[in-house]
Amino acid sequence: MRDSRRTRSVLVVLVLVSLTLIAINGNSGPGRALRSGAGALFGPVQRVAASAFRPIHDFFGGIGKDTQAKLDALQRENDALRLAQRASQYAHCRAAELDALLHIAGLGQYTIKPAQVIAMGPSQSFAWTAEIDAGALDGLSVGMTVINGDGLVGRLKTVSRSTSTVLLTVDPSFNVGARVEGTLQLGYASGEGTDPMTVQMFSGQAILKPGNRVVTDTRAGSSFPGGIPLGTLVAVRGTVGSQTRYATLQPYVSFATLDLVGVIVQHPRTDPRDSVLPPRPTPGAAPSSPACGSPAAASVNSPAPAPTSSGAAGASTPPGAIASTVPGARSTVRPRATSRPTTSASPGR
Amino acid sequence: MVAVVLSVAAVVQTAVLSRIPFPGATPDLVLLVAVSIALVQGPTRGAAVCFSAGLLLDVVPPADGAVGRWALVMCVVGWFVGRASDAVEGSAWLPLLVVAGACAATLGGYAAVGWLIGDVRVTASVVGSALPAALLYDVLFSPFVVPPVMALARRFEVTATYARTVR
C-alpha cells in the first residue's frame, strides 16, 4: 500500500495552496498576472485551434438554437445542394456579420477594432466570458466596451498580449447604465446568467411596457458609451409608484453563436442617443430566417430587398429563405438588414 | 508528459468544445483527462495532477473569478480517485463509474466553493441547468477519453519505473 501519511500531507499542502490563491482573489495582483501570463502562453495556441476547427463551429453555429427547424428544412434538399449551399451561406453569413458590425459602428460613430471570438467560458464555471483574438498589441485595454452587429456584448476584463477576455453582458456580475428608448427614464441592466437580463429603474414612477427597447446611457453612471442597443423588455414586474421598478430584458445579442465582435477603442464625441437601434419591426413582415444563427444576418438569403412596409406582402416568404417556412422559428422579428438598402442612409429616422 | 496532455486538453476544451453550442454546458475534457491520470497514478500524484489541471482551468482564458477554485476542488477529488486506483485495476467498467462520480463531485464542489465565497453568479437556476448538462456530457465523453488516457498514463508509468530500476 502507498504511504498514506505522505499522500495526506501532499493533499493538505495542495488544499492550502488553493485556499491561499482563492483568498488573494483572482481579479487583482498575482491572479491577474497569472491570467495574463496564461493568456500570452495559451492565446496563440487557442487561436490556431479555434481557426482549425472553425468549420465545425460554423456547422453548429449555423444550426444554432433552431436545430429542429434547420434540420426539417435541410431534409427537403438533396445532399449535393445542401453542401454547396452551406459553403456559400457561411461566407455570406460572415460577410453579413461584418456588415452589421460596421453598420452599427457607423451609426454610433464608435471607433472599433474588430475581433473574432476564439473561446467561450463553460457555464459550469459560473462565468459568462469569451476570449477574443485581439489584445494589448492591438491597442486594447481593460474596461473597453465590446459590441457586435446586434448590440452590446460586454467589456474587457483581462487583456494579454494578443488575446483578451470579455465579460459578457449576461454575466451576473455585469452592470450597465441603461435608458428606455425615446424617454429619459434611466436605470441599470444586469446579467442573470442563463436567464434574460434584469433592468432596475432609478425611479419608481418609470413607465415601462413590454416591447420597449433599451440602450446604454452614460448618464446612468457607467463607463460604456451611450446609445448601444441592449435589448427589448419582455416583462415588467411591480407597479408604477412602487419603490423600485424591475423589468426583464431580452438581449439583442445571441451569445450562444457569438462570432465577430468589435471593441470600441474610442468613444463617440456625442451620445448617439437612439439612432443605433434597428428600425422598428413592421407587423406582419416576413419572419427573418434563423439560418445564420443571428437574426441580423438572416437577410442574406433574400437577395432582393423584401417588402417590409406592406403587411400583406409580408406573408410571402422571401426567395431562398430556408427556414422561414417553419412557423414560429423565431419570435423576435428584426428585419433590419432587409430594409437597410432603403433606410440606412438616414440614421436618425 | 502530463503537462503536455493537460495543456492540449485545455486548448481543445476552451477553443474547440466551448465553441460548439452544447445546450447548457461544455464537456469537461480537462477534468476527464486529469481524473483518468489520477486513476492510474495513485493519491499523491493524482492530487498533484488534478491540482495542476484545476489551476490550468483557473487561469487559461477565458477563465474568470477567483483563481484556485477549480484547483482546490480537483486536488481533493484527485486524491480520492487516486485511492481508488488499486480497486479499479483490471476492470473496464469500474473506472468509468469512478470518473462519473468524480465529475459529479467536482462540479458540485466547484459550485459549493463559489457559493461559500459569496460569488453572486452561483444561482439556483444556473446550478440546476448547467450541472446536470455538464455531468451528462462528461459521462457521454468518458468512454472515449478515460480508457485511452489511462492506457497512456500506464504506459508512461511502466517506462518511468523501468528507467528507475535500470538506473
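User: What distance does H2(A) reach from its first C-alpha to its last?
Analyst: In this predicted model, H2(A) has 23 residues. At 1.5 Å a residue, the expected span is 33 Å, and the helix comes close to that figure. The distance reached is 32 Å.

User: At which residue does H2(A) bend?
Analyst: The helix bends by about 40 degrees. A proline, Pro44(A), follows the bend within four residues. The residue at the bend is Phe42(A).

User: Which element gives the largest share of the side of chain A that touches chain B?
Analyst: Between the two chains, 55 residues of chain A are in contact with 49 residues of chain B. Elements giving two or more residues to the chain A side include helix H1 (4–23), helix H3 (54–63) and strand E1 (111–120). The largest share, eleven residues, comes from H2(A).

User: How many residues of the side of chain A that touches chain B are charged?
Analyst: That side of chain A contains 26 nonpolar residues and 22 polar ones. The charged residues number seven.

User: What percentage of the residues in chain A is buried?
Analyst: The secondary structure of chain A comprises six helices and twelve strands. Among its contacts with a separation of 6 or more, 67% join residues 24 or more positions apart. Of the 349 residues in chain A, the buried share is 48%.

Notes
Residues numbered from 1 in each chain as written. Chains lettered and ligands numbered in written order. Predicted model: local features only at pLDDT ≥ 70, side-chain atom pairs only at ≥ 80, totals over all residues. Contact = placed C-beta atoms within 7 Å. Nonpolar A, V, L, I, M, F, W, Y, C, P; charged D, E, K, R; others polar. Expected span 1.5 Å × (residues − 1). Bend = angle between axes of the 7 residues up to and from the residue. Buried ≥ 20, exposed ≤ 12 C-beta atoms within 10 Å, placed from the backbone.
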